[in-house]
Amino acid sequence: MTVNLLDFDPQGLEAWFASRGEKPFRARQVLRWMHRFGQSDFDAMTDLAKSLREKLKAEAEVRPPAVRSDKLSDDGTRKFLFDVGNGNAVETVFIPEDDRGTLCVSTQAGCALDCAFCSTGKQGFNRNLEVSEIIGQLWQANRALGGFAPDAKDERKISNVVLMGMGEPLANFEHTVAALRLMLDDNAYGLSRRRVTVSTSGVVPAMDRLREECPVALAVSLHAPNDELRDRLVPINQKYPLVELMAACRRYLEKAPRDFITFEYVMLDGINDSDQHARQLLDLTCKVPCKFNLIPFNPFPGSPFRRSPAPRIRRFADILIQAGIVTTTRKTRGDDIDAACGQLAGQVKDKTRRTAGRLIPIAEVRP
Ligand code: SAH
Ligand code: SF4
């Protein structure tokens, strides 16, 4: 079996080279070839000794997940579907904007956390993605977008990465952190810590570990201002309720006083979108430096929810803004190709007892 070099973070790659009697700077050279120049052919890594190239060819490979499809939306959003084997496929979305290009990356085939309004959750869960499958999405998208070309250096095609695709990144902690280290490494993608965002539904112990190991920007999927409603919308709340989640948010920011948490809040008509909910949110989050990102609910087949009407979302945002909280409403992008938030479904061979067809009846969710 050959080793896939995309499975190593920078330190792991040095360790693997050391185990082969090679110096750390050789690992860094190969890291640069793979992640800065998008090279997968050892023969093209011309500053390596021929003997090392031969050794690498015999023992290793650079194998990203295969692109199964690549669709372009009318608004420029581009959705890739990657084959990750055994009938599973995950999705990655590129969102171009005037001043940036954001890649939304998946971390699991499916998701075990089963949030009531999420298409990925309704598909069930198969497995964690490998490091090569997480960083491989960036590798493949960058290649497809021309981001590895020598003249692409000044103007990055992918300037921001958000781990907001399929899966809960903090439930696949080790592999997620290894991929983050590659994103931040100057010999690889060289993205600054603030341009890489992990989105979590609130896995409290893993938030503390992330702060210690790789404190990138953090988005927290809040979606409800009280435990009673959040228990139903985001079931992991039953394990880590809001007081604990808010305390973890404060701890996350302790070492970075200029940072803030982005609270994501999906707008569900008649469920979590009243003036009272907005005011409750202000009380809940008053001790956490934060911004709010309201996400109009994106429907998917069989979902029991409706999107809040635009005037309701504006009114909700106004209450937060008047209290001094920076609040944005996410534009719905790529919905013509099912690439909008929460619509990512890929293909998941569910291994849990949950079935894709079982949806929570709306009566169970209403407050
Ligand atoms: N598991 C992580 C990251 C992936 S989900 C998390 O939950 O944060 C990325 C974001 O999309 C989350 O805020 C999630 O709550 C939101 N989302 C899920 N389903 C959605 C839907 N149908 N419409 C709009 N947003 C949705
Ligand atoms: Fe998983 Fe996030 Fe979807 Fe919840 S919203 S089911 S945590 S992917």
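Let me start with two neighbouring strands: strand S5 (residues 89–96) and S6 pair in the antiparallel sense over 4 bridges, where helices (H or I, at least four residues) and strands (E, at least two) are DSSP runs numbered from the N terminus, and two strands pair if DSSP finds at least two bridges between them. Please keep in mind that this is a predicted model, in which local features need pLDDT of at least 70 and side-chain atom pairs count only at pLDDT 80 or more, while totals for chains, interfaces and linings use all residues. Residues are numbered from 1 along each chain as its sequence is written, chains are lettered from A and ligands numbered from 1 in the order in which they are written, and side-chain values use heavy atoms, with hydrogens and water left out.

Staying with this pair, S5 is joined to S6 by a hairpin through 4 residues, and Ile95 has Thr102 in S6 as its bridge partner. On S6 there is also a pairing with strand S9 (residues 160–163), this time in the parallel sense and over 3 bridges, and here Thr102 has Asn160 in S9 as its bridge partner.

What covers the question of faces? In a regular strand the side chains alternate between the two faces of the sheet. In strand S6 (residues 101–104), Gly101 and Leu103 on one side and Thr102 and Cys104 on the other are all buried, and buried means under 20% relative accessible area, with exposed over 50% and partly exposed in between (1.4 Å probe, protein chains only).

Now to the nonpolar cores, each of which is a set of buried Ala, Val, Leu, Ile, Met, Phe, Trp, Tyr and Cys residues joined through side-chain atoms within 4.5 Å. The largest has 103 residues, and among those with the most contacts inside it are Leu5, Phe117 and Leu233. A second, separate core of 5 residues includes Cys104, Val162, Ile337 and Ala339.

Let me turn to ligand 2. Which residues are around ligand 2? They are Cys111, Leu113, Asp114, Cys115, Cys118, Gly121, Gly167, Glu168 and Ser201, where near means that a heavy atom of the residue lies within 4 Å. By class, this shell has 4 nonpolar, 3 polar and 2 charged residues; Ala, Val, Leu, Ile, Met, Phe, Trp, Tyr, Cys and Pro count as nonpolar, Asp, Glu, Lys and Arg as charged, and the others, Gly among them, as polar.

UniProt, in an unreviewed entry, places the feature "binding site" at Cys111, Cys115 and Cys118, and its positions are given in the numbering used here, with feature names shortened and annotations that may be inferred rather than shown by experiment. Cys111 lies in the loop between strand S7 (108–110) and helix H4 (119–122), and it counts as buried because its relative accessibility is 9%. Cys115 is in the loop between S7 and H4, and is buried at 13%. Beyond residues up to four places away in sequence, Cys115 touches Lys122, Leu233, Val234 and Pro235, contact meaning heavy atoms within 4.5 Å.

The unreviewed UniProt entry also lists, for "binding site", residues including Ser199 and His223. Ser199 sits in strand S10 and is buried, with a relative accessible area of 10%. His223 is in the loop between strand S11 (217–221) and helix H8 (227–233), and is buried at 5% relative accessibility.
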